[in-house]
Amino acid sequence: KVLIVDFGSQVTQLIARRVREAGVYCELAPFQNAEKAFKELNPKAVILSGGPCSVTDDGSPRAPQAIFDAGIPVLAICYGQQTTAVQLGGQVEGGHAAEFGRADIQIQENSALFEGVWEKGGRYPVWMSHGDRVTRLPEGFTVKAVSENAPFAIASDEKRKIFTTMFHPEVVHTPDGAKLIANFVHKIAGLKSDWTMAAFRGEAIKSIRAQVGEGRVLCGLSGGVDSAVAAVLIHEAIGENLTCVFVDHGLMRLGEAEQVVTLFRDHYNIPLVHVDASDLFVGALEGVSDPETKRKTIGKLFIDVFEAEAKKIAADGRGAPQFLAQGTLYPDVIESVSFTGGPSVTIKSHHNVGGLPARMNMKLVEPLRELFKDEVRALGRELGLPPAFVGRHPFPGPGLAIRIPGAISREKLDILRKADAIYLEEIAKAGLYDTIWQAFAVLLPVRTVGVMGDGRTYDHVCALRAVTSVDGMTADFFPFDMNVLGRCATRIINEVKGINRVVYDVTSKPPGTIEWE
Ligand code: XMP
């Protein structure tokens, strides 16, 4: 196991991804809790992340001294390098705020860190962090690589196995970075590649059985990848003691509800309760045009419907389910580093069922708590879920309701479903579905004039959105070939009655958000 101490860099999660890609299990801990995490995890190696602070500031974070005293391999990146230098008796000079940039480093001496990857005398591109600079190395350290602006691009104490870099090996802009991290965990720390989804599957099944025993589990399916993978895994562990509930709020995409039902009932033969609550949801949303009110209405109804179904299931003579399954992922669990401690602004209150377990007095089963999204997809493939299902774009809990600005109606939902299906079909035909992180159509409450055949039309505008992103926190609009967009527009206008104009959204996030509401 590897422990990663997070000093608040934007890219700390990438370190974890690289370590796991190398087949080694790792956990992240914010620096405030690192001491405790270090004791509990008893890791074979530690990686110290970058961060926004300056080590010359009063009260700036430090790594637990116990890490250096333990004699285990340490890889210290950027801020990690600086605090390591200070903590082991070197010196750091304050610079400016940390910023990234491409740089070439020149290798001065060989090191176990880049053995088999880089050679003495060679020049290699890296993604450098400019900011504070180490000016004197601690005893036992030597410089292994320099760049024009970084005299200590790599410095290490090979004997104590402490390696420090001023650049970020975890980002893709350091092309050989993943190999350096693999060297660190395999060759230097001597850890084996045993973190695979096949191994995880076996372990997860054992621990689900241990937690649940003969108890019953209820699992809400959303139509998304996470809840589906969680359900299939739990079913493999406890079979008929799992009951899935799919609340169909009528705000799904074309054919989506049927797909979920077919996949679970026919393909996996997993007990599934399909609740068609579309009248209830669409009725409750009548005349509601405020986005937050829409979300709250949907969230509350969802809990009501789910609870009512749970009561019915509890009354089937097989005893009440004591457990509720959720597809919680590792990024939801990781405590983030907070320097201010202040409240963050709510941009959108994401629809979730967080309050459900307490209200229903149920214990949680969260078999995906340790996984990143790409690992959940790999696990889904391992469990035999269809590749097209596993590779699906994210879809918001409130569904199409937040893709129709203003009040929704059945008619508008039908129009949007058709346009969205054509758009996604064209994206798939162009071979772009997997390159794009999320794509969807939005039906605007605006009518414009058009001409079709000899007649005048006065219909809705449809906006198309497609973004690239890593985690949905930031995003860029996708730069389509205009021919692809043109084909989408032509087909939507010709085939969908009610739309006579199509526009493409070129807003990035920030300042925009991905969804329109
Ligand atoms: P935004 O619009 O905030 O979206 O940039 C970021 C990601 O979150 C999804 N999203 C939601 N998901 N409930 C959800 O479950 C919501 O209320 C919600 N709002 C946005 C959005 O689709 C994107 O993937």
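N42 is found in the loop between α2 (34–41) and β3 (45–48); helices (H or I, at least four residues) and strands (E, at least two) are DSSP runs, numbered from the N terminus. The phi angle of N42 is near 50°, a positive value in a residue other than glycine. The structure is a predicted model, in which local features need pLDDT of at least 70, side-chain atom pairs count only at pLDDT 80 or more, and totals for chains, interfaces and linings use all residues. Residues are numbered from 1 along each chain as its sequence is written.

The average pLDDT of the chain, where pLDDT is the predictor's confidence in each residue, from 0 to 100, is 93, and 96% of the residues score at least 70. For the complex, the predictor gives an ipTM of 0.99 and a pTM of 0.86. The domain assignment divides the chain into domain 1 (2–188), domain 2 (197–390) and domain 3 (409–504), such bounds being taken from an automatic or database domain assignment. Between the C-alpha centres of domain 1 and domain 3 the distance is 45 Å.

Two packed helices are described by the angle between their axes and the distance between the axes. Here the axes are lines fitted to C-alpha atoms, for helices over the stretch in contact, and angles run from 0 to 180 degrees between N-to-C directions. Helix α6 (residues 197–212) and helix α7 (residues 225–238) have axes that come within 9 Å and cross at roughly 70°. The two helices α6 and α7 are therefore roughly perpendicular to each other; angles under 35 degrees count as roughly parallel, over 145 as roughly antiparallel, 65 to 115 as roughly perpendicular and the rest as oblique. Their crossing is right-handed, the near helix being turned clockwise from the far one by less than a right angle (anticlockwise for left-handed). A204, I205, I208, R209 and V212 of α6 make the contact with L233, I234, E236, A237 and I238 of α7, two residues being in contact if their C-beta atoms, placed from the backbone, lie within 7 Å. This contact of α6 with α7 comprises eight nonpolar, no polar and two charged residues; Ala, Val, Leu, Ile, Met, Phe, Trp, Tyr, Cys and Pro count as nonpolar, Asp, Glu, Lys and Arg as charged, and the others, Gly among them, as polar.

Helix α6 also packs with helix α13 (residues 373–382), at an angle of about 80° and with the axes 9 Å apart. Helices α6 and α13 are therefore roughly perpendicular to each other. From α6, the residues M197, A198, F200 and R201 meet E375, A378, L379 and E382 in α13. By class, five residues of the contact of α6 with α13 are nonpolar, none is polar and three are charged.

The axes of α7 and α13 come within 10 Å and cross at roughly 45°, and the helices are therefore oblique to each other. The crossing of α7 and α13 is left-handed. V225, D226 and V229 of α7 form the contact with V376, R377, L379 and G380 of α13. The contact of α7 with α13 contains four nonpolar residues, one polar and two charged.

The bond from K509 to P510 is cis, with omega near -20°. P511 lies in the segment after β20 as well, and the peptide bond from P510 to P511 is cis, with omega near 10°.
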